[in-house]
Amino acid sequence: MQGTEQFDLVIVGGGPIGLACALEARKAGLRYAVIEKGALTNSIFHYPVNMTFFSTSERLEIGGVPFVSNNPKPTRAEALEYYRRVTQGFDIPVRLYEEVTAIKGENNRFQVTTSRGAYKAAKVIITTGFYDIPYKLNIPGEDLPKVTHYYKEPHPYAFQKVVVVGAQNSAVDAALETWRKGAEVTMVIRQPEIGKRVKYWVRPDILNRIEEGSIKAYYNAKLLEVREKEVVIETENGVVTLENDWVIAATGYQPNLAFLRKIMINLSEDEVMCPVVDADTQESSVPGIFLAGVICGGMNTHRLFIENSREHAVKIMQAITKQLA
């Protein structure tokens, strides 16, 4: 394509792992660009405003740059500030609000097409995470404006009747925060208990609020229908209808595996649909295209995190520099 910018490497995804790959590319002296369809570290940006990480700050560091937090566990705001400073300090070329729509070609001769243009690249790294596609409830009324899959902050729910669907960290945080701002909160939980992966300093809090009756919880239950002013819930004791103003569906998210299939990357044939990668190099089944971060786990989104994916950047860059030598 005449006039298309040419790079040694295009990194798809401007999250922490994409930035870690960029830092390694910079060290290697490669000409590269990072393309991100949303804001910088878009997934973290979409986290709840008051979110606290499970990990300590040093485990979220990239490129050996210290992450100093004022708290034992860093907050969303501190993480956004840290990754902004890393990006600015190392002058990482991030093309924001530009979505990659296609990757075609072959090793050393790829064309990366985006919503704004196209790039030529010898190698491609995909670090797209999993926070962009929510699991849908697939029930009547899910498309009503009162239903959200992204909880941001508690204030809009003050003095409202709120149903929270889910039992993991996002659901528990939403339930506790909205209750503390005056909401009448009901949790609808498919499992028989609050999730075991809920942050250890938060889980006792939600259990105590449920036990004392401050927050109502239906276990082994599911939401059947959302109406303008009501919800219908299937419980262990039969179907109940509750007055309701808002539904926070904290049902989790999934990676964009359809895009990997589109560019011909092989996935495992089980329900996990794990992308096929070389464990030593992170190279996918398509030579020249590498995967890093949570996307490598397929539907098992709880296996890989920032702290245990940072090593992908180093492994990938070692492989790329050998191939380009």
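A: The protein has 7 helices and 17 strands, where helices (H or I, at least four residues) and strands (E, at least two) are DSSP runs numbered from the N terminus. The model is a predicted one, in which local features need pLDDT of at least 70 and side-chain atom pairs count only at pLDDT 80 or more, while totals for chains, interfaces and linings use all residues. Residues are numbered from 1 along each chain as its sequence is written, and side-chain values use heavy atoms, with hydrogens and water left out.

Of the 325 residues of the protein, 51% count as buried, that is, under 20% relative accessible area with a 1.4 Å probe and protein chains only.

Now to the part itself. Helix 4 (residues 169–180) packs against helix 5 (residues 203–211) at an angle of about 55°, and their axes lie 10 Å apart; the axes are lines fitted to C-alpha atoms over the stretch in contact, and angles run from 0 to 180 degrees between N-to-C directions. That angle makes helix 4 oblique to helix 5, because angles under 35 degrees count as roughly parallel, over 145 as roughly antiparallel, 65 to 115 as roughly perpendicular and the rest as oblique.

On the side of helix 4, the residues V172, A175, L176, W179 and R180 meet D205, I206 and R209 of helix 5, contact meaning heavy atoms within 4.5 Å. By class, this contact of helix 4 with helix 5 has 5 nonpolar, no polar and 3 charged residues, with Ala, Val, Leu, Ile, Met, Phe, Trp, Tyr, Cys and Pro counted as nonpolar, Asp, Glu, Lys and Arg as charged, and the others, Gly among them, as polar.

Technical notes:
Buried means under 20% relative accessible area, exposed over 50%, partly exposed in between (1.4 Å probe, protein chains only).
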